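Dear colleague,

Please find the structure below for your study.

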Amino acid sequence: MVAAPLIAALRRRVAETRNADGGWGYLAGRASRAEPTLWAAAATGQGLTWLAAHPLGWCGLLAPALLWDQAPGQRAGWLRAIEALRGRPVDGVEDFDATLPGWAWVDGTASWVVPTAMAGLSLLRAGDGRAAEAVALVANRRCEDGGWNYGNPRAFGASLPAQPQPTAWCTTLLAAAGHPAPLDLEGAFSSQALGPSSLGLLLLAAARCGQDTAPWVQRLEAALGSMAGPPRLDHTALAALALARAAGGPCPLTGQP
Amino acid sequence: MTRRPTRRLVVAGGIGLGVGLGLIGARRGAAWLRQPRARVAVLRVETYDDLAERLFVELERFPRALERARSGPVVLKPNLVEIHPGRPINTQPTFVVAVAEALLRHGAASVVVAEGPGHTRDTEAVLHASGLGPLLAERRLSFVDLNVDDVVEMSPPFDLAGHGRLPIARTVAEAALVVSLPRLKTHHHAGVTLGMKNLFGVVPGAAWGWPKNRLHWGGIPESIADLWSLLQPGLTVADGLVGMEGDGPILGATRPHGVVVLGEQACAVDATTARMMGMDPTALPAFQLAARCGGTVSTSWIALEGDDPVAVRYAPAPGFEGAVRSEQPWPT
């Protein structure tokens, strides 16, 4: 059972560390940046004006997924901006289908699974047919162990292992698109050291595909209580959203129950 | 994923670049062939024990670096990528702390350890799993995640990769002394990854992603030379007690070496280290370009100090067999 006071405290912590310009930095008191402001806006409902006034870069791939209901006036602009981060094709790749279109971290560079999954979640939320392209690329890049690495399933002839965050993003996308989860998340990552961002994303992925969320809740609560140094505000917001999801709230990335 | 040059392309490119640079040199005259004099110290080291004491003594060879360390913030930049048990991917935590403690004993104003891992977004996880996080906490040394640091846009002096401006972590941009702490490794696309290539980690992932693919699209050798010529870390201390050979920098095999290589010019340190790994740096595009940016690669301009630099033949990364030296300048 997720403690409601903890969720409230996390949201309060995020709200209290908002900068004077209306955004959030990665750490309290630091310059406002797109990513922490995006997660904070999803957790608190604030910061939308800052987001509308600043370039989002790759965070624009995720904005519709997180803020579809909160910012209807920005939807059209976000969906247009998603197209600007289409990945460039790469020649001579042997280990996977590099002709599949996807999305990149930075314009003019190659497609990678995490930005593609972010774009896919946003396009699903919008009911946009381009979501199928994201699903196709993600499905093609799956590693032999069933999860996802940050880019390729194989590199230089070697099979690569799944990594927690790319697996969480891709699992969430595929589940949202109606595909079964290919990997038992707890079995895959229970023995790995994980920070609060990985734990929050894995919690969301587990919840989305019907896997047990209790282990992730326990680990995330423990991680929040044992962090050395000032907490990252994007991680705090993500944790609030993930724990609220585990407590029965909607998925912040898909809007689905 | 990057453009994948075939072996033929790499060799042809290297030859073409060499011919081109030679023509440029001919037009500019003999002055181009002169390189700044650089001093590089080689230390034969068996274990990480007592390394701080050894480094404290050896750092006295480089008074300019120590003066900068006393004048303002010092940033130690190790190589922290991912964790694969048994693979020497990351700079050893005890090595990082030894350098920190040696500099603090020399009166460094302040020392932080900083890195922007290029693959995993979960810096907390890789810090913990590598052992670096717990050790830094034990020794009360701070860590800065460069991937989410404030950004300073800086223009590389030669802009070989055509990026125009590079987003650089503010902690690094404002440091009085940046210390590159690479691990000796071969590299699938660059031949070797040492002090200069280690600087990829100062480009925040929040700006250019995970991985920082834009650096690859501009050309890895070009981006290496741009970052080095822009930042010019005042000290490089390379962890070569155990290196990586073969298909580095992640999938290679362990190569015991037993050396630490240090100096005030990263290009010269890297060139010396590459030779000690059995490679000819003049055959590697990154060194050719760094020399064009004012780096010292030629043995004629590098004064070696310390212990005898024993070369160990590293298995090269695929496609770099042509850069293996058939003759070594030192005993093997």
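The notes that follow describe the contact between two chains, then one chain as a whole, and then two residues.

This is a predicted model, in which local features need pLDDT of at least 70, side-chain atom pairs count only at pLDDT 80 or more, and totals for chains, interfaces and linings use all residues. Residues are numbered from 1 along each chain as its sequence is written, chains are lettered from A and ligands numbered from 1 in the order in which they are written, and side-chain values use heavy atoms, with hydrogens and water left out.

**Where the chains meet**

Chain B places 33 residues in contact with 39 residues of chain A; contact means heavy atoms within 4.5 Å. The area buried between the two chains is about 3000 Å², and carbon and sulfur atoms give 58% of it. Buried area is the accessible area (1.4 Å probe) that two parts lose on being put together, summed over both.

Four salt bridges are counted between chain B and chain A. The term denotes a side-chain nitrogen of Lys or Arg within 4 Å of a carboxyl oxygen of Asp or Glu. Asp145(B) and Arg232(A) form a salt bridge through their side chains, at 3.7 Å from N to O. On the side of chain B that touches chain A, helix H5 (123-130), helix H8 (205-208) and helix H9 (213-217) of chain B each supply at least two residues. Helices (H or I, at least four residues) and strands (E, at least two) are DSSP runs, numbered from the N terminus.

**Chain B as a whole**

Chain B contains 12 helices and 12 strands. Of its 332 residues, 61% count as buried, where buried means under 20% relative accessible area, exposed over 50%, and partly exposed in between (1.4 Å probe, protein chains only). Among contacts in chain B between residues at least 6 apart in sequence, 76% join residues at least 24 apart.

Thr167(A) lies in helix H8 (residues 164-176) of chain A. Is Thr167(A) buried or exposed? Thr167(A) is buried, because its relative accessible area is 0%. Neighbours within four places in sequence aside, Thr167(A) is in contact with several residues, including Trp148(A), Leu183(A) and Phe189(A).

Cys209(A) is found in the loop between helix H10 (196-208) and helix H11 (214-226) of chain A. Not counting residues up to four places away in sequence, Cys209(A) touches Thr171(A), Ala175(A) and Ala181(A).

Yours sincerely
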